[in-house]
Amino acid sequence: MSVWRIIPADAAHIAPIAADMREADRREVWASHRHNPEEALEHALQGSELAWTCFVHGQPAFMWGVARQGSLISRTGAPWLLGTEGLYAVRREFLKQSRFYVGMMQSRFSRLENYVHAKNALSMRWLKWCGFTVENGATLINGEPFYLFWRNAHV
């Protein structure tokens, strides 16, 4: 039996991830939107056109996806990932798969962009691994520093 598996995200996965969310992700969702972990996952999943959950040892460990920004004709998507410490147990395997999932997002949207909390070092390393540019200049959101990250489709 595999230690981990990835399936389409479902609202039933929210509560176990929210209950044990990584501290860096908790800080980020509070700083950006004043959401608690459950609200952040509900909002992200509800707005997403693509979303997945990774189960580790049979438990939902993290969820990620992409939501359309702006109107229905917008070609810009906002990628996101929120999870538990269970992410660390499969980080190497997930890194190998990450570019595939970002490619799926990119096939739907010509531009992917969002903001990452300046203190979320793990997320910034993952974004760079996946081919995103993380801007140097911080933008203040609710008084907290965030960096814009983006990736354009290769034409």
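Start by selecting strand 5 (residues 111–117) and strand 7 (residues 144–152): the two run antiparallel and are joined by seven bridges. Strands here are DSSP E runs of at least two residues, helices are H or I runs of at least four, and both are numbered from the N terminus. Two strands pair if DSSP finds at least two bridges between them.

Before you go on, a word on what is on your screen. This is a predicted model, in which local features need pLDDT of at least 70 and side-chain atom pairs count only at pLDDT 80 or more, while totals for chains, interfaces and linings use all residues. Residues are numbered from 1 along each chain as its sequence is written, and side-chain values use heavy atoms, with hydrogens and water left out.

**Next stop: the other partner of strand 5**

Strands 4 and 5 run parallel, with two bridges between them. Here T76 stands opposite R111 of strand 5.

Now show the side chain of E113, also in strand 5. What does E113 touch beyond its neighbours in sequence? Leaving out residues up to four places away, E113 is in contact (heavy atoms within 4.5 Å) with Q69, T76, G77, A78, P79, L148, F149 and W150.

Then show R111 beside E113. Their side chains meet in a salt bridge of 2.6 Å, N to O; the term stands for a side-chain nitrogen of Lys or Arg within 4 Å of a carboxyl oxygen of Asp or Glu. R111 has a relative accessible area of 22%, so this residue is partly exposed. The scale is as follows: buried is under 20%, exposed is over 50%, and partly exposed is in between, using a 1.4 Å probe and protein chains only.

**The salt-bridge network**

How many salt bridges are there by this rule? The count comes to four. To see a linked set, select E49, R68 and R108, which form a network of salt bridges.

- R68 and E49: the closest N and O atoms are 2.6 Å apart. R68 lies in strand 3 (residues 59–68) and E49 in strand 2 (residues 48–56), so this pair ties together parts 19 residues apart in sequence.
- R108 and E49: these side chains meet at 3.3 Å, N to O. Because R108 sits in helix 5 (residues 91–108) and E49 in strand 2, the parts tied together are 59 residues apart in sequence.

**Into the interior**

Jump to helix 1 (residues 14–19) and select I17. Is I17 buried or exposed? With a relative accessible area of 0%, I17 is buried. For a distance check, draw a line from I17 to L127; the two are 110 residues apart in sequence and 21 Å apart in space, C-alpha to C-alpha.

**Two loops with positive phi**

R34 sits in the loop between helix 2 (23–33) and helix 3 (37–47). Its phi is near 60°, a positive value in a residue other than glycine. R34 is partly exposed, at 38% relative accessible area.

The other one is N142, in the loop between strand 6 (133–141) and strand 7. Phi of N142 is near 50°, again positive in a residue other than glycine. N142 is partly exposed too, with 43% relative accessibility.

**Zoom out**

Finally, show the whole chain as a cartoon. You will find six helices and seven strands, in the order β-α-α-α-β-β-β-α-α-β-α-β-β from the N terminus on. The C-alpha trace spans about 40 × 35 × 30 Å along its principal axes. Of the 155 residues, 47% count as buried. Among contacts between residues at least 6 apart in sequence, 64% join residues at least 24 apart.
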